[in-house]
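Please read the following briefing alongside the sequence and the coordinates.

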Amino acid sequence: MNHAIRLYIPRDTAAVAVGAEDVVNAIEQEAQRRELNVDIVRNGSRGLLWLETLVEVQTPSGRVAYGPVDVTDVVSLFEADWLHGGPHPLFHGLTEEIPYLKNQERLTFARVGVTDPLSIFEYQAHGGFQGLEKALSMTPAAIVDEVVESGLRGRGGAAFPTGIKWKTVLVTDADQKYIVCNADEGDSGTFSDRMLMEGDPYALIEGMAIAGLATQATYGYIYVRSEYPLAISTLEDAIAHARAAGWLGRNIRGSDHAFDLEVRQGAGAYICGEETSLLESLEGKRGLVRAKPPLPAIRGLFGKPTVINNVISLATVPIILARGAGFYRDYGMGRSRGTLPFQLAGNIKHGGLVEKAFGLSLRDLLYGFGGGSASGRPLRAVQVGGPLGAYLPESQWDVPLDYEAYIGISAMVGHGGLVAFDETVDMSEMAEYAMAFCAIESCGKCTPCRIGAVRGTEVINKIRHNEQREEHVYLLRDLCDTMLAGSLCALGGMTPYPVLSALNHFPEDFGLPRTSTTTEVVD
Ligand SMILES: Cc1cc2nc3c(=O)[nH]c(=O)nc-3n(C[C@H](O)[C@H](O)[C@H](O)COP(=O)(O)O)c2cc1C
Ligand code: SF4
């Protein structure tokens, strides 16, 4: 048999959803028929989702990309001599030179789509476990200081400084402490957690082990939403491999440090992503929000001090330890240090994942990367930060993506998801949907959210149908004030963001005149 040519075909859910498995089978069959030897690596996705299934061919000058490859393209690709980088309408040249990828700053996602996700050898060959090696030689306080210094803030939504959270757990005495990874990823249009878990699971495992060393927690749980079966199986395999290689267990790499972890499947409710509700769910109870204080860092899982962090926060820690806090904090602006994997979704031509330092604008993402709307019509509104995020009109698309700058316009960066809408969107419908979402997903513990969201849905519906419109707008604003100020958690507390941003920026969709008062933002 001739020398095997290496192909990379993602096993990422986004690729599998558009037929990657069939593409793999078709390529194997065609190669066999032609007596050609191919070695197929199932990598993570590069995040250029409109090109999935993206097949990369290893050539002497580097990996070249073909996509989107469908089963029906396979014969013509072989005929074009693609195994030697031959020209074809689906050819994009060197993968790393595709502008969408080349113009990114991939730190957390450096290996995603590059390596075989389950190969510890490749993980280490690309810098993996260097952070944990370093942490093993440091005191817990020094590890915490490094994370504080890096400026890393929680990527799950609230942007709380990760190192400060860890410090609280470290200084709280207890016979057992836990690290919990929040992989519930419930925000609309978001998929960075999933891509990371499927494409580079060891980065998360390494980050959690470092968090364990830093806080003296010896056990961890990854709470993954049930809709992510591939992420769950990839993590389970990776945990078993890491344990077998001595990176987890009683004596990590022969040291006297212990850390182990397991995966738990989520309960399928948006509120189970809220940290205290998640802890209830992990304990086997219904996902109901707990009143704070006490903070989970002091009384968390099973009443013990618990670090609870998002996937991206934890998976970013290894590079901070390996390269140093200064390296990481050199990226970004203001108090938003480092990079964020933005996720482009909705009515966008080039949907996918873009990891960039904080400070770029929504316009850069929408047009520089996203290529404008998928429909070809002008874009009109973008919801940033999930279902509780504000709808931003074009006048706000040049505000730098920075936590504080977004707070300044009553919006939030959150988990970095953005969902684009073209000019055909009815923003009053979006506002009604935001309230209805809150009503459906409410845990029911507090009145402003449990009752308010139901009444709010009705009131918006009346505004939309011109029933005592002015009076109901007044009532809606009053209700939003109550929800903002009186809700126990951010589900009820932030639903007014999408609702009021729609009302304030797009009054004409509610049958209201565009006046100076209607463009006021939430405060
Ligand atoms: C309704 C609601 C849903 C949430 N869903 C998620 C989620 O799916 N994933 C997540 O990481 N954080 C979610 N959060 C934020 C968590 O409560 C918490 O802030 C986060 O897990 C802390 O990790 P971080 O500091 O690394 O961001 C949610 C918060 C609320 C109020
Ligand atoms: S705001 Fe809603 S989800 Fe949050 S505690 Fe209150 S009822 Fe539960």
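By the rule that a salt bridge is a side-chain nitrogen of Lys or Arg within 4 Å of a carboxyl oxygen of Asp or Glu, the count comes to 34 salt bridges. This is a predicted model, in which local features need pLDDT of at least 70 and side-chain atom pairs count only at pLDDT 80 or more, while totals for chains, interfaces and linings use all residues. Residues are numbered from 1 along each chain as its sequence is written, chains are lettered from A and ligands numbered from 1 in the order in which they are written, and side-chain values use heavy atoms, with hydrogens and water left out.

**Salt bridges**

- The side chains of E105 and K356 form a salt bridge with an N to O distance of 3.5 Å; because E105 lies in the loop between α4 (99-102) and α5 (120-125) and K356 in strand β13 (residues 352-357), the pair ties together parts that are 251 residues apart in sequence.
- Helices (H or I, at least four residues) and strands (E, at least two) are here DSSP runs, numbered from the N terminus.
- E105 counts as partly exposed at 26% relative accessibility, whereas K356 is buried with a relative accessible area of 18%, where buried means under 20% relative accessible area, exposed over 50%, and partly exposed in between (1.4 Å probe, protein chains only).
- R290 and E280 also form a salt bridge, with their closest N and O atoms 2.7 Å apart; R290 is in the loop between α12 (275-282) and β9 (306-310) and E280 is in helix α12, 10 residues apart, and both R290 and E280 are buried.
- A network of salt bridges links E30, R33, R34 and E79.

**The sheet and its helix**

- An open sheet of mixed pairing is formed by 5 strands in the order β2-β1-β3-β4-β5, with β2 (38-41) and β5 (91-94) as the edge strands, each of which pairs on one side only.
- Two strands are taken to pair if DSSP finds at least two bridges between them, and neighbouring strands of this sheet are turned by 25 degrees against each other on average, direction ignored.
- Strand β1 (residues 5-8) runs antiparallel to strand β3 (residues 55-59) and is joined to it by 2 bridges; the bridge partner of Y8 in β3 is E56.
- The side chain of E56 in turn meets that of R63 in a salt bridge (3.1 Å, N to O), and both ends count as buried, E56 with a relative accessible area of 0% and R63 at 13% relative accessibility.
- Helix α2 (residues 20-33) lies across β1, β2 and β3, running at about 170 degrees to β2; axes are lines fitted to C-alpha atoms, for helices over the stretch in contact (heavy atoms within 4.5 Å), and angles run from 0 to 180 degrees between N-to-C directions.

**The surroundings of H415**

- H415 lies in the loop between α16 (403-408) and β16 (417-422), and H415 counts as buried at 5% relative accessibility.
- Leaving aside neighbours within four places in sequence, H415 is in contact with residues including R155, G156, G157, E185, D187, N310 and Q343.

**A helix residue, V148**

- V148 has its place in helix α7 (residues 140-150) and counts as partly exposed at 30% relative accessibility.
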